[in-house]
Amino acid sequence: MTTTEGGTMTGTGYTLVIGDKNYSSWSLRPWLSLKACGVPFAEDRIRLRMPESKAEIFKRSPSGKVPALKTELGVIYDSLAIVEYLAEQYPQVGLWPADPAARAAARCVSAEMHAGFQALRNDMPMDLISRFPMPELSETLENNIRRVVAIWMDTRARFGQSGPLLFGGFTNADAMYAPVATRFRTYGVPLADFGDDGTAADYVDAIYAMPDMADWLAGAEVEMRERELV
Ligand SMILES: N[C@@H](CCC(=O)N[C@@H](CS)C(=O)NCC(=O)O)C(=O)O
């Protein structure tokens, strides 16, 4: 059994509680890492921004936020905690790089994304299927974009030789930065104006080229079409 909706139990017993695929950047992150593990899981999708959304989330996640991964050990209700858990459960997948220096760097940039970039989140919310002009550039937003570009150029140069992603092959760091790549596309960010030598633009393409990313995107499109019909 592969991914299903509605919280059906699977062989692993995992259910990933997520928000709308078009909007929920935090949900996309562990979803990508879980897909990389190749294990079956159910999806329990909650529509955000509705009067009942918060109550529905609280029924499943004690923080009142998505994502949350229901496991036989209990509910893991934070994106970074979920991807750390998956890295422990499936060490053969290499969700963190094997090399200690690369692994430390991957954890740093993942923690940095998890804890910061408030202007980027507020001013350029994830909206996969839409295309918008760049919002007005505050100093903090400009610094956020420049910092992301610098992180991508640095990790690609130091650790990315074996593939097109931040540490070569897919790791949790890509899961953490994938929503940012989509924001750059949604808002048409001219990355060269923010210090990119072409590496960041290529990385955005590499994220979109991942089959799992295409699956998520297709899910977002279906979801939005269904809403138009209601
Ligand atoms: N630190 C949390 C943040 C989760 C988060 O902010 N989730 C948003 C959706 S993308 C949410 O649940 N919003 C609904 C709400 O706050 O009511 C994580 O990493 O999982």
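Let me start with one aromatic cluster: W152, Y177, F184 and Y203. Rings of Phe, Tyr and Trp (its six-membered ring) pair here if their centres lie within 6.5 Å.

A word on the source. This is a predicted model, where local features need pLDDT of at least 70, side-chain atom pairs count only at pLDDT 80 or more, and totals for chains, interfaces and linings use all residues. Residues are numbered from 1 along each chain as its sequence is written, and side-chain values use heavy atoms, with hydrogens and water left out.

Back to the rings. How many aromatic pairs does a search of the whole structure find? Seven. Take W152 and Y177. Their ring centres are 6.3 Å apart and their planes stand at 80°, so this pair is edge-to-face. On the cut-offs, planes under 30 degrees apart are stacked, over 60 edge-to-face, and the rest tilted.

Where do the two residues sit? W152 is in helix α6, residues 139–159, and Y177 is in helix α7, residues 172–186, so the pair ties together parts 25 residues apart in sequence. Helices are DSSP runs of H or I, at least four residues, and strands are runs of E, at least two, numbered from the N terminus.

Are these two buried or exposed? W152 is buried, at 0% relative accessible area. Y177 is buried too, with 0% relative accessibility. Buried means under 20% relative accessible area, exposed means over 50%, and partly exposed is in between, using a 1.4 Å probe and protein chains only.

Next, charges over rings. R185 has its charged end over the ring of Y208, 4.0 Å from the centre. R29 lies over the face of W26, 4.2 Å from the ring centre. The test is NZ of Lys or CZ of Arg within 6 Å of the ring centre and within 35 degrees of the ring normal.

Cysteines now. The structure has zero disulfides, a disulfide being a pair of cysteine sulfur atoms within 2.5 Å. C37 is buried at 11% relative accessibility. C108 is exposed, at 54%.

On to P40. This proline is in the loop between α1 (25–37) and β3 (42–45). P40 is partly exposed, with a relative accessible area of 26%. From P40 to F159 is 119 residues in sequence and 30 Å in space, C-alpha to C-alpha.

Last, the record. An unreviewed UniProt entry annotates residues 14–94 as "domain: GST N-terminal". UniProt positions are in the numbering used here, feature names are shortened, and annotations may be inferred rather than shown by experiment. Over residues 14–94, the chain is 40% helix and 19% strand, with the end C-alpha atoms 20 Å apart.
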